[in-house]
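Here's a walk through some contacts worth a look while you have the model open.

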Amino acid sequence: MSGRPFAVLLRKELREQARSMRLLALGLVFVFFGLASPLLAKLAPEIVKMVGAGQNVVIEIPEPTALDAVTQFVKNISQIALLVLVFLTMGAVVAEKERGTAVFVLVKPVSRLAFLAAKLLAFWLSTSAALILSALCAYSYTAILFTPPSPAGFSLASLLLLLHILTFVTTTFLFSTVARSQVAAGVLSFLIWILLASLGGLGAGSDFLPGALLSAAVTVALGGATPWQPIVGSVAIIVLSCGSAALAFRRWEP
Amino acid sequence: MDAIRSSGLVKHYERGKVRALDGLDLRIAEGSVFGFLGPNGAGKTTAIKVLTGLIEPTSGEAWVAGQPVADPSPRLRSQIGYLSQEPRFYTWMTGRELLVFAGELFGARRSPASRRADELLEMSGLARAAKRRIGGYSGGMVQRLGIAQALVSSPQILFLDEPCASLDPLGRRDVLELIGRLRGKTTVFMSTHILEDVERVCDTVGIIDHGRMAATAGTSELARRFAPPVLELEFADPGDAAAFAAAWTATGHRVAVTVEGATGRLRASDLSDARSEALRLVAGRNLALVRLEIRSSSLEDVFVHLVEGTS
């Protein structure tokens, strides 16, 4: 894979994301959840009390802490923001195949691997940027509303959360490479998401699933140890997805 | 030296049920403008996709600019330009951005790529639309942009799949003139079903049918070799033409007659005997003959003759 065409392709991908508003949409969603999560954690007891008051029920809820803010942040990013991310990623390759623009690039002195790698890296970069921004918002607001967790712990937790969402961005990218339509790519991506989530109840093996990164993120944010199993499991899924995508795309005939 | 060469090129789809190419043999001389003719579904686009390395052949071999196409390397692709049948580009880019991007993919730095983009925009008549998004271009403008991007690297070999498909008459004239100007410098491989375009610009023609080459020759030689001249007899009245055809058939002459409206046609490599016989019949039956002409066959005649002959 030659460096120069790859850099040209990567620049094009990032420019496309900026022009198509993908970057803006991603940034807005992630920043929103970064800000809203600590606030929701802070207001949750009040909201529950208000609901209970209307029904003459007294509900005692302990005073929220930074743990609740981090839990809320991890939950929102790993569910709603990830849902948006899957929608924005499912057309990555298949849309170019459908529109015929892939042929325009692939007949130039560019390898298929460079074409895929530039796309995937652009998606990883924009996702990472959005998460970093979101994490900064979440940490700052958590620090204002609660006793803040250690910056190192919160950073590590954010990295685990990033690995979780990058795992699903990569599986979605794989399905975008092998599927014949964007809808099929989206459906397959959600199915694998549901499948991996539902396997969470399987004894020791479930420690290696990307879902375990979420509970680990909450623990790590408050000073707990970092488990290696979900990191290894997620990296393995990413490597497998990248390899499968490269093989499938090499065989693709326009 | 051959710029393009293929030997027994086969491409099957759907596990052999569809034979898009069925032993295609090609030899195209360097610097020539080659017209690749064939009816719809004959295998023209598949052949171009194999030769540009976009798809792999099921069997057979091909070389483009001396490079094997079976395992297409960036080196092969750096020597070719390609315009697809229905070119599609990034609609969010401007025409100029697309050409700069294409130039950079060939390894050019931004500044030379920009200069080349400006040259090509001028040449393709898109200079005024250079800063407009491609999404707002008409079909003809996209086609012109397609030709410009295919030329971005000044390729040794240019593959054009139906280059005049969506152009208006002026655009078509410009593109054909441009192709003509490339003769001697660039080998042009142009697929089309517009016979007039081939006659205008190509010096060699290949006719493909059912995935095989039915004929390859120089444009004028093709007619001589594959479709004999025609004796046309135009009568004042279609009834006379029909009467002539009946009389001709009754003579038992080996040359068959066809009638279309008021015109009768006899096709044979040696028409001198047929002409005397035809004139005798016309005079003998007092038929009102308006015109008698021996016409050499057109490319269309060759095309119909070869394609109908193989189907």
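Which helix of chain A is A:Ala221 found in? A:Ala221 is found in helix 9 of chain A, covering residues 212–221; helices here are DSSP runs of H or I with at least four residues, strands are runs of E with at least two, and both are numbered from the N terminus. With a relative accessible area of 1%, A:Ala221 is buried (buried means under 20% relative accessible area, exposed over 50%, and partly exposed in between, with a 1.4 Å probe and protein chains only). A:Ala221 and A:Pro149 are 72 residues apart in sequence, yet their C-alpha atoms are 6.6 Å apart in space.

A quick word on ground rules. This is a predicted model, so local features need pLDDT of at least 70 and side-chain atom pairs count only at pLDDT 80 or more, while totals for chains, interfaces and linings use all residues. Residues are numbered from 1 along each chain as its sequence is written, chains are lettered from A and ligands numbered from 1 in the order in which they are written, and side-chain values use heavy atoms, with hydrogens and water left out.

On confidence, the model scores ipTM 0.90 and pTM 0.86. Chain B averages a pLDDT of 90, and 99% of its residues score at least 70 (pLDDT is the predictor's confidence in each residue, from 0 to 100).

**Rings**

Over all chains, the structure holds 20 aromatic pairs. Rings of Phe, Tyr and Trp (its six-membered ring) pair if their centres lie within 6.5 Å; planes under 30 degrees apart count as stacked, over 60 as edge-to-face and the rest as tilted. One of the pairs is A:Phe115 with A:Phe249, stacked at 5.4 Å centre to centre with 10° between the planes. That pair links distant parts of the chain, with A:Phe115 in helix 6 (residues 112–145) and A:Phe249 in helix 10 (residues 229–251) of chain A, 134 residues apart. A:Phe115 counts as buried because its relative accessibility is 2%, and A:Phe249 is buried too, with a relative accessible area of 1%.

A:Phe249 also forms a stacked pair with A:Trp252, at 5.6 Å centre to centre and 5° between the planes. Both A:Phe249 and A:Trp252 are buried. The charged end of A:Arg112 sits over the ring of A:Phe249, 5.8 Å from its centre (that takes NZ of Lys or CZ of Arg within 6 Å of the ring centre and within 35 degrees of the ring normal). In chain B, B:Arg5 lies over the face of B:Trp63, 4.5 Å from the ring centre. Ring pairs also link A:Phe104 with B:Phe89, B:Tyr90, B:Trp92 and B:Phe101 in a cluster.

**Salt bridges**

There are 29 salt bridges over all chains, each a side-chain nitrogen of Lys or Arg within 4 Å of a carboxyl oxygen of Asp or Glu. Here are some of them:

| Salt bridge | N to O distance |
|---|---|
| A:Lys12 and A:Glu96 | 3.0 Å |
| A:Glu16 and A:Arg99 | 4.0 Å |
| B:Arg295 and B:Glu232 | 3.2 Å |

A:Lys12 lies in helix 1 (residues 3–19) of chain A and A:Glu96 in helix 4 (residues 94–99) of chain A, so their bridge ties together parts that are 84 residues apart in sequence. A:Lys12 counts as buried at 1% relative accessibility, and A:Glu96 counts as buried at 1% as well.

Next, A:Glu16 in helix 1 pairs with A:Arg99 in helix 4 of chain A, 83 residues apart. How covered are these two? A:Glu16 is buried at 13% relative accessible area, whereas A:Arg99 is partly exposed at 44%.

Over in chain B, B:Arg295 sits in strand 14 (residues 289–295) and B:Glu232 in strand 11 (residues 230–235), 63 residues apart. B:Arg295 is partly exposed, with a relative accessible area of 24%, while B:Glu232 is buried at 7%. Salt bridges that share partners join B:Glu232, B:Glu234, B:Glu260, B:Arg265, B:Arg291, B:Glu293 and B:Arg295 into one network.
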